[in-house]
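Trainee: I'm new to this one. Could you pick a part and walk me through it closely?

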Amino acid sequence: MWVNSTPGCGPPRLWTLHSMAGTMAGTDAWSRNPASQVSAHFGIPKNGQARQWVNTHDTAWHAAGANPYAIGIECEGQSGDSLTASQIREIAAILAWSAAEHGIPLQITNNTGGRGLAYHALGGAAWGGHPACPGAPVIAARPAIIESAQGGPTPSAEDDDMQGFLRTGPKALTVISIKGGSAKEIQLIADYTLQGTEAPTLRIAAHSAAAGWGEVTHLTLPANAKARHHFTHGDVNGISIRRAGQGDDAEVGWNLV
Ligand SMILES: [Zn+2]
């Protein structure tokens with residue numbers, strides 16, 4: 001039996017992102033306590049799997065006037081914290097599932113009457129008046145969440161026999177979290193256009209001050225096609241992408257420092 005919820009719902013047309021302004025453990029206890037009179041549908045710890053407190057076909061109590069038509073997603077941390085890579089992955093998985101379940105479009109919305117991924121402060125007083133929830137970094141992470149929810153091709157087996165060539169490099173490299181010093185978590189969103197008849201393998205390496213360069217992933221892309229690949233890696237200050245078996249001329253690199 002769900003606590004702190006009202007049977008039935010709007011149906012939902014929004015996802016509303018929140019900051020817990022605290023820990024997963026504290027929010028979990030609060031959401032299970034009938035005296036608190038607050039809840040959300042989901043809680044997202046910084047490192048770990050999402051937890052569900054309320055069925056998305058019922059109404060949770062997280063955003064006042066938005067409750068009947070908004071799926072509430074609480075993110076562990078304080079207002080001003082960036083989402084971790086794990087949180088973005090978990091939120092994206094919830095969006096991908098609930099978009100299909102409730103027919104909500106996988107898009108951002110800044111319109112309280114719209115459909116898509118919104119955030120608590122958007123609704124002002126009508127949504128309870130929480131201008132600092134969830135904070136600017138979480139609001140800014142919404143494009144990465146939507147991209148991740150829309151998915152992409154899964155890398156196939158490695159193939160070192162290189163044909164074709166990389167015609168356009170990665171389009172976007174977004175730093176989604178800066179934890180201080182040289183420690184960073186990144187998400188790479190890359191569009192590749194390839195020519196040739198065989199699938200080339202790209203090797204993606206990351207540099208950290210502590211460990212130097214090391215390969216973090218490799219992927220085989222379909223020839224004559226566009227592919228999109230997401231990955232996250234912590235504690236990096238540089239990224240390089242090169243075709244397997246090719247020289248440095250095939251490399252695309254960034255210095256994130
Ligand atoms: Zn909130």
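**A loop residue, then a helix**

Mentor: Let's start with Val-54, which sits in the loop between β4 (51-52) and β5 (59-60). Keep in mind that this is a predicted model, where local features need pLDDT of at least 70, side-chain atom pairs count only at pLDDT 80 or more, and totals for chains, interfaces and linings use all residues. Residues are numbered from 1 along each chain as its sequence is written. Strands (E, at least two residues) and helices (H or I, at least four) are DSSP runs, numbered from the N terminus.

Val-54 is buried, with 23 other C-beta atoms within 10 Å. (Buried means 20 or more such atoms within 10 Å, exposed 12 or fewer, partly exposed in between, with C-beta atoms placed from the backbone.) Ala-40 is 14 residues from Val-54 in sequence, yet their C-alpha atoms are 6.6 Å apart.

Now for α2, residues 85-102, which packs against α4, residues 142-150, at about 60° with the axes 8 Å apart. On the α2 side, the contact is made by Ile-88, Arg-89, Ile-91, Ala-92, Leu-95 and Ala-96, and on the α4 side by Ala-144, Ile-145, Ser-148 and Ala-149 (contact means C-beta atoms, placed from the backbone, within 7 Å). Buried residues of α2 include Ile-88, Arg-89, Ile-91, Ala-92 and Leu-95. Just past the end of α2, Gly-103 has a positive phi of about 70°.

Methods:
Axes are lines fitted to C-alpha atoms, for helices over the stretch in contact, and angles run from 0 to 180 degrees between N-to-C directions. Two residues are in contact if their C-beta atoms, placed from the backbone, lie within 7 Å.
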